[in-house]
Amino acid sequence: MRAVCFVNRLEIDLSGNVFSNALAFGDVDNDGQNEFIVGDTSGELVVFKGGNIWQQLSGLGMITAVSVGDVLNLGFNALIAVSGDGWCHILSKTTIECEDGSKEDTLECVHVQRIPANTKVVLLGDIDGDGNLELVLGLTDRVVRSYRWIHDTPDDDGQVSGKLVGLNKWECANQIGTVTLNYSPDGTPCLLVSQPGGTLYEDKLLQ
C-alpha cells in the first residue's frame, strides 16, 4: 500500500485557463527524470523541474493537450503541444552557448504543422506494432486520427527534417472522453476510446 500526502502543492500563475489534458509528466530533456508540463489557453507553456520553472514559452495558441515521447522516432523524447485552433508544435532540448562561454539547455521548437482543429486528447504509442511511435489525436467532433513522423532526405547540412503524415481516421458515434493504448492477450496493440454512457470503441491496427 502507498500513502500519498497532498498537503504540499505547487501554485502556478498563468494568464489563461488550463485544460485537463494540457497537464503532463515526462522526461522532456532526456536526463532520466520526469518534468511537469503545463499549457494554457493563452498559448503559454511552462516546464517545471522539481518546484522550479525550467522553461517558459509563449505564442503556442490555445493549448488543449500536451504529451512527451519519441514522436520523431530518433531515440530521444520531444514535447508535443497541440492547440485547439489547429496547430501542433514539437519542441526538443538543445544546448546553446552563452556569452560568458557557459552552456545552457533550452527547449527549441523543431517543427510546426497545421492539423485539424479542436483536438482534446493526445496519445503517443506504437498502435500498429511496427516498433515506431504514432501520434493519436482525439477531437471534439467525435473523430480520432493517427499520424506518423516521416523523415525527409537529409539536406546539405546533414539536418533531417520531416512532417507528420496522416494514417487513419475513425469516426465515433459519441463524444470522445479518453483514448488509451491497450494490448490483447496475444500482444496485439489496440486503441480503446471511451465515450459517454459507458460506451467503448476498440480498434486493432496491424501492418
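**Entry 1: two asparagines in loops**

I began with asparagine 73, which is found in the loop between strand 5 and strand 6. Strands here, like helices, are DSSP runs numbered from the N terminus, with strands (E) of at least two residues and helices (H or I) of at least four. The model is a predicted one, in which local features need pLDDT of at least 70 and side-chain atom pairs count only at pLDDT 80 or more, while totals for chains, interfaces and linings use all residues. Residues are numbered from 1 along each chain as its sequence is written, and side-chain values use heavy atoms, with hydrogens and water left out.

I noted that the phi of asparagine 73 is near 55 degrees, a positive value in a residue other than glycine.

I then looked up asparagine 118, in the loop between strand 8 and strand 9. Asparagine 118 is not a glycine, yet its phi is positive, at about 70 degrees. With a relative accessible area of 41%, asparagine 118 is partly exposed.

I traced an open sheet of four strands in the order 5-6-7-8, with antiparallel pairing. Two strands count as paired if DSSP finds at least two bridges between them. Strand 5 (63–69) and strand 8 each have a single partner strand and stand at the edges, so one side of each is left without a neighbour in the sheet. Neighbouring strands of this sheet are turned by 25 degrees against each other on average, direction ignored; the axes are lines fitted to C-alpha atoms, and angles run from 0 to 180 degrees between N-to-C directions.

I went through the pairs in turn. Strand 5 and strand 6 are antiparallel and are joined by six bridges; serine 67 has isoleucine 80 in strand 6 as its bridge partner. Strand 6 and strand 7, also antiparallel, are joined by five bridges, and valine 82 is partnered by cysteine 88 in strand 7. These two strands form a hairpin with three residues between them, and glycine 86 in the turn has a positive phi of about 95 degrees.

How many bridges link strand 7 and strand 8? I found eleven bridges, in the antiparallel sense, with strand 8 covering residues 103–114. Histidine 89 stands opposite valine 112 in strand 8. Strand 7 and strand 8 form a hairpin with five residues between them, where glycine 101 in the turn has a positive phi of about 95 degrees.

Another open sheet has four strands in the order 9-10-11-12, with antiparallel pairing. Strand 9 and strand 12 (162–171) are at its edges with a single partner strand each, so one side of each lacks a neighbour in the sheet. The twist averages 25 degrees from one strand to the next. I counted six bridges between the antiparallel strands 9 and 10, and leucine 123 has valine 136 in strand 10 as its bridge partner.

**Entry 2: the cores**

I next looked up the nonpolar cores, each a set of buried Ala, Val, Leu, Ile, Met, Phe, Trp, Tyr and Cys residues joined through side-chain atoms within 4.5 Å. Which members of the largest core touch the most other members? Among its 17 residues they are Val71, Ile80, Cys88, Ile90, Leu135, Leu137 and Leu164. Strand 6 (78–83), strand 7 (87–97), strand 9 (119–125), strand 10 (134–139) and strand 11 (143–151) each supply at least two residues of this core. A second, separate core of 16 residues includes Val28, Leu60, Ala81 and Leu91.

Residues up to four places away in sequence aside, leucine 164 touches Val71, Cys88, Ile90, His111, Gln113, Leu135, Tyr147, Arg148 and Trp149, where contact means heavy atoms within 4.5 Å.

**Entry 3: valine 179**

Beyond neighbours within four places in sequence, valine 179 is in contact with Val121, Leu123, Val136, Leu191, Leu192 and Val193. Glutamate 99 is 80 residues from valine 179 along the chain, and their C-alpha atoms are separated by 45 Å.

Conventions
Buried < 20%, exposed > 50% of the residue type's maximum accessible area, 1.4 Å probe, protein only.
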